[in-house]
Amino acid sequence: MSATDLSLLPLLDASYRHWLGQPLPRPVGLPEADVPAWLHEQAPYALLAHGTESDPLFCYANRQALSCFGYPRAQFIGMPSRFSASPRDRDERQRLMEEVGRQGYASGYEGWRVDKAGRAFQIHAGVVWNLIDAEGTRRGQAALFWPDPQRIGQVE
């Protein structure tokens, strides 16, 4: 899946809506035309996606995700998504990805990830879902998580 950052957001949002019955969290009253830029630059939660390669590669990350993982966009995009977890947490992460592959989505996920410097951080209220296009073809998987449990569900 290759596209520019903002061009992937309608797929992430439509797929989230398909599986969870609602759009990605956003401020009430935000004009639809402003949603992609808000999700990309201002969302208080991390939003990221990988493709369908045999070793999936990140193809999208919003500003909050890049901040959590400590990577510049140019290094994060194209990196195998398995590197988002430490070696000891990769099996658990892989089980989650396989479950989502079978069921379409998983929500309420709590777990550990690792930043560029190798520091572990916890994610909260995670949702992982399959990305599907208008024809129902699977295009990858996406994740949303809150890095700060005090802000879960808060949208500015």
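## Cores and aromatic pairs in a predicted model

Across residues 10-145, the chain is 32% helix and 29% strand, with 18 Å between the end C-alpha atoms. Helices (H or I, at least four residues) and strands (E, at least two) are DSSP runs, numbered from the N terminus.

Residues are numbered from 1 along each chain as its sequence is written, and side-chain values use heavy atoms, leaving out hydrogens and water.

Let us turn to the inside. A nonpolar core is a set of buried Ala, Val, Leu, Ile, Met, Phe, Trp, Tyr and Cys residues joined through side-chain atoms within 4.5 Å. Buried means under 20% relative accessible area, exposed over 50%, and partly exposed in between (1.4 Å probe, protein chains only). The largest core has 22 residues, of which Leu12, Leu24, Leu39, Tyr45, Leu47, Trp129 and Leu144 touch the most other members. Two or more residues each come from α1 (5-20), α2 (35-41), β1 (46-50), β2 (58-61), β4 (120-132) and β5 (138-146), and α1 gives the most, with 5 residues. A second, separate core of 21 residues includes Ala46, Cys68, Phe69 and Val100.

Contact means heavy atoms within 4.5 Å. Beyond its neighbours within four places in sequence, Leu39 is in contact with Leu9, Leu24, Pro25, Tyr45, Leu47, Tyr60 and Asn62. Asp13, found in helix α1, is buried, with a relative accessible area of 8%. Residues up to four places away aside, Asp13 touches Pro23, Leu24 and Arg26.

The whole structure holds 9 aromatic pairs. Rings of Phe, Tyr and Trp (its six-membered ring) pair if their centres lie within 6.5 Å; planes under 30 degrees apart count as stacked, over 60 as edge-to-face and the rest as tilted. Two of the pairs are set out here.

| Pair | Type | Centre to centre | Between planes |
|---|---|---|---|
| Tyr16 and Trp129 | edge-to-face | 4.9 Å | 80 degrees |
| Tyr71 and Phe76 | tilted | 5.7 Å | 50 degrees |

Tyr16 lies in helix α1 and Trp129 in strand β4, so their pair ties together parts 113 residues apart in sequence. Both Tyr16 and Trp129 are buried. Tyr71 counts as buried at 16% relative accessibility, and Phe76 is buried at 0%. Phe58, Phe69, Tyr71, Phe76, Phe121 and Phe145 form one aromatic cluster.

Technical notes: Predicted model: local features only at pLDDT ≥ 70, side-chain atom pairs only at ≥ 80, totals over all residues.
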